Amino acid sequence: MATYKVLIVEDSPTMRQLIVFALKRLRGLQIVEANDGVDGLKKLSTEKFDLILTDINMPIMDGLKLVSLVRNDPGYKDVPIVIITTEGANEDRERALALGANEYITKPIQTTKILESARRLLNLPG
Amino acid sequence: MNEDEHRRASSRAEEFLQVFKKGAEFTQELLKENERLRFQVLKLQEERKKGVPVGSDNEIIAKLQKRIEELEKEKAEILDRIKEVEAENLDFANRYVDIENENNMLANLYIASYQLHSTLDFNEVLQIILEIIINLIGGEQFAVMLLDEKTNTLRAVASEGFEKEELPVVSLGDGIIGTMAKTGENYFVDELESYQKDLHSPMVCIPLKIKEHVIGVIVIYSLLEQKSRFAEVDYELFTLLAGHAATAIFSSKLYSESERKLTTIQGFIDLMTK
């Protein structure tokens, strides 16, 4: 079975663990965690990932900046990115999608939505 | 002589003609019989190929009708079985959805309780409580208030969406917050949609209890924009917070105090031995 590497960029340990817990239900995933945008960028420079889930509101570097940097990198211009945030407004959704995010998940997090997004973006069977 | 001869010839011709006609008729009859026999042979050959036992037409029809009845009965049984299986399938699908939801709920509860007890640092515990309320419940403006047993007042120790100093100090038994802290009961505003923020009257008030002993409350004043109502899992999380958050806070305070005393004693011992 093919192994997919997923990067989770989130400053909240609780949120990170929730996402990891949800994704562990999908077989064939290798999950890497990052504490913030800078940590995420560092990990992206050393490893190749198939999917990125990132929060927006983070210290040092926010998720939108990270998405922008990732999309400008030739090696990562096509990798699926899911943004997670507290904001529910269409304005923020459009801003995130304009920067290159593929999908948008709002808090409070439901694990079913995380699984659906991961399955769809990685083309995994339902 | 000639007339007699003619008459004899004519009579003979008639006789001959009759004989010819009879022969023709006989030939036609033979041809028809041959065709009938040929058809019969073909039919028998077909029946032999089909394996149908040779019998009278009535017998064959009776057997076929009986076979049809058997097949109809079998069809009805199969259709009934299909209905049962489909109903069972639907039941399984519904149970699967229920189990999925239950699993998601348990996952949230597990992560929340795991995180709450992952540290003995008081400030970290408070931060984790805030994160649980934001990420798992969808709170926007809320606070954690702890009870000072010496003065019987509740004071905010952590908040989200506004400064904790904005929150008034509440006496035990006063208003919604004080009453819930005294009784240990959860409070939910009746009409979520029409709720107006009032620091003395929260949308939600959850006492933090160790057994029946209240050590504080969580008060919520607003939810995230995209969250319009409480889900079932939210009530489970509130119940969990009431128990686990209370023990986590209590443990971390005890740990902090004991650490402080240990440091004091260690300093004193160092001073004595110098």
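## Charge pairs and exposure

Glu103(A) has a relative accessible area of 15% and is therefore buried; buried means under 20% relative accessible area, exposed over 50%, and partly exposed in between (1.4 Å probe, protein chains only). The model is predicted, so local features need pLDDT of at least 70 and side-chain atom pairs count only at pLDDT 80 or more, while totals for chains, interfaces and linings use all residues. Residues are numbered from 1 along each chain as its sequence is written, chains are lettered from A and ligands numbered from 1 in the order in which they are written, and side-chain values use heavy atoms, with hydrogens and water left out.

Over all chains there are 14 salt bridges, each a side-chain nitrogen of Lys or Arg within 4 Å of a carboxyl oxygen of Asp or Glu. Three of those in chain A are listed here.

| Pair | Closest N and O atoms |
|---|---|
| Lys5(A) and Glu47(A) | 2.3 Å |
| Asp55(A) and Lys107(A) | 3.5 Å |
| Arg120(A) and Glu103(A) | 2.7 Å |

Glu103(A) belongs to strand β5 of chain A and its partner Arg120(A) to helix α5 of chain A, 17 residues apart. Helices (H or I, at least four residues) and strands (E, at least two) are DSSP runs, numbered from the N terminus. Arg120(A), at 48% relative accessible area, is partly exposed.

Asp55(A) forms a salt bridge with Lys107(A). Asp55(A) is in strand β3 of chain A and Lys107(A) in the loop between β5 (103-106) and α5 (111-122), so the pair ties together parts 52 residues apart in sequence. Both partners count as buried: Asp55(A) at 2% relative accessibility and Lys107(A) at 6%.

Lys5(A) forms a salt bridge with Glu47(A). Lys5(A) lies in strand β1 (residues 4-9) and Glu47(A) in the loop between α2 (37-46) and β3 (51-55) of chain A, so parts 42 residues apart in sequence are tied together. Lys5(A) is buried at 17% relative accessibility, whereas Glu47(A) is partly exposed at 27%.

## Chain B

In chain B, a network of salt bridges links Asp4(B), Arg7(B) and Arg8(B). Helix α1 (residues 2-50) of chain B has 49 residues and reaches 72 Å from its first C-alpha to its last, close to the 72 Å expected at 1.5 Å a residue; the expected span is 1.5 Å times one less than the number of residues. Of the 49 residues of α1(B), the number buried is 1, so the helix lies largely in the open.
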